[in-house]
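Subject: Structure handover

Hello,

Here is the structure for you to look through. My notes on what was found follow below it.

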Amino acid sequence: MPVTAREILFHKTFHEWGERMPIDEIARKKWLAIPESERKTLEESVFCSECYVTTIVDYHVESIDFNIVLKGKCKKCGKDVARMID
Ligand SMILES: [Zn+2]
């Protein structure tokens with residue numbers, strides 16, 4: 001059956017809605033479910049292209065392909081860094 005433009009629009013909207021709101025909330029909860037000491041270790045082992053291993057600051061939690069991803073800044077140089085939690 002051919003896919004109509006309306007269906008494509010629906011999937012696109014659904015996908016964007018899913019990506020921005022509820023999934024991020026789930027990701028945030030998953031992240032907060034990790035023990036604090038473990039979270040700290042993960043925050044402190046983020047790869048930065050400038051500093052190699054750094055601490056992530058000012059980050060937020062996202063969900064990408066069922067993994068939690070932290071997106072923020074390098075504590076040392078301020079570059080954008082991200083860390084996948086699996
Ligand atoms: Zn850095």
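Start with the core. The largest nonpolar core has 6 residues in all: Val46, Cys48, Ile56, Leu70, Cys74 and Val81. A nonpolar core here is a set of buried Ala, Val, Leu, Ile, Met, Phe, Trp, Tyr and Cys residues joined through C-beta atoms within 7 Å. Buried means that 20 or more other C-beta atoms lie within 10 Å of the residue's own; exposed means 12 or fewer, and partly exposed lies in between, with C-beta atoms placed from the backbone. In soluble globular proteins, nonpolar side chains tend to be buried together.

Some ground rules. This is a predicted model: local features need pLDDT of at least 70, side-chain atom pairs count only at pLDDT 80 or more, and totals for chains, interfaces and linings use all residues. Residues are numbered from 1 along each chain as its sequence is written.

Confidence comes next. pLDDT is the predictor's confidence in each residue, from 0 to 100. The chain has a mean pLDDT of 84, and 73% of its residues reach 70 or more.

Now the layout. The chain holds 3 helices and 5 strands. From the N terminus on, the order is α-α-α-β-β-β-β-β. Helices (H or I, at least four residues) and strands (E, at least two) are DSSP runs, numbered from the N terminus. Of the 86 residues, 10% count as buried. Among contacts with a separation of 6 or more, 42% join residues 24 or more positions apart. Two residues are in contact if their C-beta atoms, placed from the backbone, lie within 7 Å.

The sheet

Three strands form an open sheet in the order β3-β4-β5, with antiparallel pairing. β3 (56–64) and β5 (80–85) stand at the edges with a single partner strand each, so one side of each has no neighbour in the sheet. Neighbouring strands are turned by 25° against each other on average, direction ignored. For that angle, axes are lines fitted to C-alpha atoms, for helices over the stretch in contact, and angles run from 0 to 180 degrees between N-to-C directions. Two strands pair if DSSP finds at least two bridges between them.

β3 and β4 pair over 7 bridges. Glu62 stands opposite Val69 in β4. The two strands, β3 and β4, form a hairpin with 2 residues between them. Asp65 in that turn has a positive phi of about 50°.

Strand β4 (residues 67–74) also pairs with β5, over 6 bridges. Lys71 stands opposite Ala82 in β5, and Gly72 has Val81 as its bridge partner there. The hairpin of β4 and β5 has 5 residues between the strands, and Gly78 in this hairpin takes a positive phi near 85°.

Residues to look at

Which residues is Val81 in contact with, leaving aside its neighbours within four places in sequence? They are Val46, Phe47, Cys48, Thr54, Ile56, Gly72, Lys73 and Cys74.

Thr54 lies in strand β2. Is Thr54 buried or exposed? Thr54 is buried, because 21 other C-beta atoms lie within 10 Å. Beyond four places in sequence, its contacts are Val46, Cys48, Cys74, Lys75, Lys76 and Val81. Thr54 and Val81 are 27 residues apart along the chain, with their C-alpha atoms separated by 9.1 Å.

Ser45 sits in the loop between α3 (36–43) and β1. Ser45 is exposed, with 12 other C-beta atoms within 10 Å. Ser45 and Thr55 are 10 residues apart in sequence and 6.2 Å apart in space, C-alpha to C-alpha.

Two more backbone angles deserve a look. Most residues other than glycine have a negative phi. Tyr52, in strand β2 (residues 52–54), has a positive phi near 70°. Asp58, in strand β3, has a positive phi near 50°. Tyr52 is exposed, with 9 other C-beta atoms within 10 Å. Asp58 also counts as exposed, with 10 C-beta neighbours inside 10 Å.

Best regards
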